Amino acid sequence: MSLEVQNLPASERSSYNTKIRQYRNQTEESKQRLSQLLDDQDKQELFGNRYSDNDDGVHDSQRKQLLNNQSSLDRSTQRLHDSQRVALETESIGGNILNDLRAQREQIMGARDTLTAADGYIDKSVKTLKSISRRITANKFISYAIIAVLILLIFLVLASKFW
């Protein structure tokens, strides 16, 4: 109901919020009353009619306190079990996360090793390309020199024939 009230206009929202608070209080009071009736019923089932004399009010109040303490102990035990269950679930989730992180670490380490190897190959290829570039440049100069020598020889042969 409170979710529905939030969608209402502000002018109507306050009156409905008040009603919701009243309903929650009534529900809480009913729960407490039910708990008290259940405790009384448990007491009645536990002790029966053997201690029904009202002459000894001290024993009756001690029994009531004992029942109240027992119900409080039961609630505390239940909370403890719930907390233990949550702790075990959290531990399990933490273990799964650690396993996932370990697998991811292994993947990252493998990727890093692969990148390191690739970097080494790139360095080798850069050196090879530079060497090839130097050889190409040297071959160009040698080719130009041979062409120049051949042209010079052709001119010399032509010049020697005409003279």
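Trainee: Why is R85 called partly exposed?

Mentor: R85 has a relative accessible area of 42%. Buried means under 20%, exposed means over 50%, and partly exposed is what lies in between, with a 1.4 Å probe and protein chains only. So R85, at 42%, counts as partly exposed.

Trainee: And what kind of model are we looking at?

Mentor: This is a predicted model, where local features need pLDDT of at least 70 and side-chain atom pairs count only at pLDDT 80 or more, while totals for chains, interfaces and linings use all residues. Residues are numbered from 1 along each chain as its sequence is written, and side-chain values use heavy atoms, with hydrogens and water left out.

Trainee: What makes the contact of E89 and R85 a salt bridge?

Mentor: A salt bridge is a side-chain nitrogen of Lys or Arg within 4 Å of a carboxyl oxygen of Asp or Glu. The side chains of E89 and R85 meet at 3.2 Å, N to O, and the structure holds 1 salt bridge.

Trainee: Where do those two residues sit?

Mentor: Both E89 and R85 are in helix α3, 4 residues apart, about one turn of the helix. Helices are DSSP runs of H or I with at least four residues, strands are runs of E with at least two, and they are numbered from the N terminus. E89 is partly exposed too, because its relative accessible area is 41%.

Trainee: How many helices and strands does the protein chain have?

Mentor: The protein chain has 3 helices and 0 strands, and its pattern along the sequence reads α-α-α.

Trainee: How do you know what span to expect for α2?

Mentor: The expected span of a helix is 1.5 Å times one less than its number of residues. Helix α2 (residues 10-47) has 38 residues, and its first and last C-alpha are 55 Å apart, close to the 56 Å expected. The buried residues of α2 are I20, D39, K43 and F47.

Trainee: What makes the residues around I151 a nonpolar patch?

Mentor: Patches take residues with over 30% relative accessible area and no salt bridge; like charges are joined within 9 Å, nonpolar side chains (Val, Leu, Ile, Met, Phe, Trp, Tyr) within 5 Å. I151 has a relative accessible area of 42%, so this residue is partly exposed. The patch on the surface is formed by F141, Y144, I147, I151, I154, F155, L158 and F162, with about 920 Å² of accessible area together. Accessible areas come from the Shrake-Rupley method with a 1.4 Å probe, and for residues only the protein chains shown count as cover.

Trainee: Which helix holds I151, and what does UniProt place at residues 141-160?

Mentor: I151 is in helix α3 (residues 57-162). The unreviewed UniProt entry places a "transmembrane region" at residues 141-160; UniProt positions follow the numbering used here, feature names are shortened, and annotations may be inferred rather than shown by experiment. That span is 100% helix and 0% strand, with its end C-alpha atoms 28 Å apart.
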